[in-house]
Amino acid sequence: MITLDRLVNVLGGYGVRLCNRPEARAAWLHGVAVPDAADPHVTGDLLLAIGTGSIEEAVRCAVAAKATAVLVRPAPSGGPGESGGGLDRQAAALGDRHQVAVLLADPAMPWSQLAGVVYGLVLESRETASGRGPTDLFALADSLADTLGGAVTIEDRHSRVLAYSRSQQAGDPARLETILARRVPDRLRELFQRRGVFDRLAAADEPVFVPADPEHGLTARTVVPVRAGRELLGSVWVTCERPPAGAHRRALADGAHTVALHLLRSRASADLERQVESDLIIRLLEGGADAPTVISRLGLAPQPLRVVAVRAHTDGDRHLDGDRHLGGERHLGGERQVGGDRQVGGDRQVGGDRHAALLLAFEQATTGFGWSRPGRSALLGDTLYTVLPAEQAGAARRWISALRAELPAQVRVAAGIGAPAEAAELPAGRQEADECLALHESRPGDVPPAYDESWDDILLRRLRAAVRTGRTPARGPVSTLLRHDARHGTRFVATLRAWLECQGDPVPAAERLGVHPNTVRNRLRKIGELTPLNLGDARQRLAMTIMLAAVEDEPRA
């Protein structure tokens, strides 16, 4: 059981769009029906219009089935008025006339894959071994290995290992290293990239033969893309001396199709979990929710929590090698993220590394069952937020390090950590994490700062922001000394700062400046001649200390 809204959001990642009746999004879907000439009384909340010849026929079948919504896959090329906006308008008009919500699918998406996703969401709407777990993929890898006579590895679109055959007889050092690391090593990814393997996988459905390379411990192998419509989901690799032909080639193609069904079910289930989780996290971070209840629904224990804010990007404008075949448009965290895609060979490729890296980080942060992950995450704008049970900042930093280790080498991660907070205080924790994130972005070589450890640096950043917006006095003692130093090359500002930081003692102030204490005294006397200063007034000393800290270019260690 699932709402139509959830179904539309998940299917949106596969090119499905809702054409009309947005008010129907709140409707619950309990069953799925398919038109059947032998059973005119078939009913269901969602009708899969398999075998219908037109949108009009599909809507009529949906009315007969008493369906709330109907999923239609138009023909690859329709007649006049049956393409683009015209098709959407026709579907909306027919649906509104009969009070049925019409969902249009991408013509390139096979019904078998659409049906697998829909049945998994509507009838299961939960994690299952076939939807998320790797058990079926391992069995499939073993079956393919037995049929093809080679060692089989199944990988996702980021070259991470999903399953592999138990037989190692036809294996090689490269395969063993890949399995132990749970992902293809960077040196092999670079080799495949140079040979054009990833480009060929993106551009065609045909198997790609990869010749042996003894220098890299690589025997010959064949790889076949795993695709959902036009989107690359992963790949199946099998060691072999020559390209497979005949029955072996058909078996490999059938295996890739079965893997595609599994990965679609897996991703649909994962997307659904991510949306539910993201909605709850956003409610917590924005405030106004019953925070203890939301924390309980997220499966987090009632203990101090920290908000971690993360941004990810890559150096320069390069693609993420081997990771460029990301699904272009995904519905994550309640808002649609578009990664600046471009079309190459009919497959979406990410043209904006900032979005690609962030989506990779979000996917990694939300990979696995909820109870197996320490935190809960949401994607808001260009920032990944994770609520993490962690009383000490070290635990949050270890989580950030683990996240960074799972991303490609060229991805750079900046992060900020809020102070420990109760559930109701998480909106403030988000603001603290945002400010710490900005601080880390200005100091990329440092460890991610935590607010309870770096509150002083955060305060100074706020003061500098006030200076940049012109909200500090343009005249006054400090402003006068700054102008005098700039014009005459004196060091009055540095002297005043050192004297204040040394609590009015000229001896340590002189040591800090590398001068004689009498030089400090003489400079203070000249400062008093330039501008009225009452260094005996505690309020003026405090005001000058704040002003000097605000205009300092970099915070001190």
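Reader: Which helix holds Leu-437?

Author: Leu-437 lies in helix H13, which covers residues 426–442. Please keep in mind that this is a predicted model.

Reader: Is Leu-437 buried or exposed?

Author: Leu-437 has a relative accessibility of 0%. Buried means under 20%, so Leu-437 counts as buried.

Reader: Which residues does Leu-437 touch, leaving out those up to four places away in sequence?

Author: With those set aside, Leu-437 is in contact with Ala-309, Arg-311, Thr-383, Ala-414, Ala-415 and Gly-416.

Reader: And how far apart are Leu-437 and Ile-417 in space?

Author: The C-alpha to C-alpha distance between Leu-437 and Ile-417 is 7.4 Å, and the two are 20 residues apart in sequence.

Reader: Let us turn to helix packing. At what angle do H15 and H16 pack?

Author: Helix H15, residues 477–488, packs against H16 at an angle of about 135°, and their axes are 8 Å apart. H15 is therefore oblique to H16.

Reader: Which residues meet there, between H15 and H16?

Author: From H15, Leu-481, Leu-482, His-484 and Asp-485 take part; they meet Phe-492, Val-493 and Leu-496 of H16. By class, this contact of H15 with H16 has five nonpolar residues, one polar and one charged.

Reader: How do the axes of H16 and H18 cross?

Author: The axes of H16 (residues 492–501) and H18 (residues 517–530) come within 10 Å and cross at roughly 115°. The two helices are therefore roughly perpendicular to each other.

Reader: Is that crossing of H16 and H18 left-handed or right-handed?

Author: The crossing of H16 and H18 is left-handed.

Reader: Which residues in H16 and H18 meet?

Author: On the H16 side they are Phe-492, Thr-495, Leu-496 and Trp-499. On the H18 side they are Val-520, Arg-523, Leu-524, Lys-526, Ile-527 and Leu-530. By class, the contact of H16 with H18 has seven nonpolar, one polar and two charged residues.

Reader: Now the chain as a whole. How many helices and strands are there?

Author: The protein chain has 19 helices and 20 strands.

Reader: What share of its residues is buried?

Author: Of the 557 residues in the protein chain, 51% are buried. The chain exposes about 25400 Å², and carbon and sulfur atoms supply 52% of that area.

Reader: What share of the contacts join residues at least 24 apart?

Author: That share is 63%, taken among contacts in the protein chain between residues at least 6 apart in sequence.

How values were computed. Residues are numbered from 1 along each chain as its sequence is written. This is a predicted model: local features need pLDDT of at least 70, side-chain atom pairs count only at pLDDT 80 or more; totals for chains, interfaces and linings use all residues. Side-chain values use heavy atoms; hydrogens and water are left out. Axes are lines fitted to C-alpha atoms, for helices over the stretch in contact, and angles run from 0 to 180 degrees between N-to-C directions. Helices (H or I, at least four residues) and strands (E, at least two) are DSSP runs, numbered from the N terminus. Angles under 35 degrees count as roughly parallel, over 145 as roughly antiparallel, 65 to 115 as roughly perpendicular and the rest as oblique. A crossing is left-handed if the near helix is turned anticlockwise from the far one by less than a right angle, and right-handed if clockwise. Contact means heavy atoms within 4.5 Å. Ala, Val, Leu, Ile, Met, Phe, Trp, Tyr, Cys and Pro count as nonpolar, Asp, Glu, Lys and Arg as charged, and the others, Gly among them, as polar. Buried means under 20% relative accessible area, exposed over 50%, partly exposed in between (1.4 Å probe, protein chains only). Accessible areas come from the Shrake-Rupley method with a 1.4 Å probe; for residues, only the protein chains shown count as cover.
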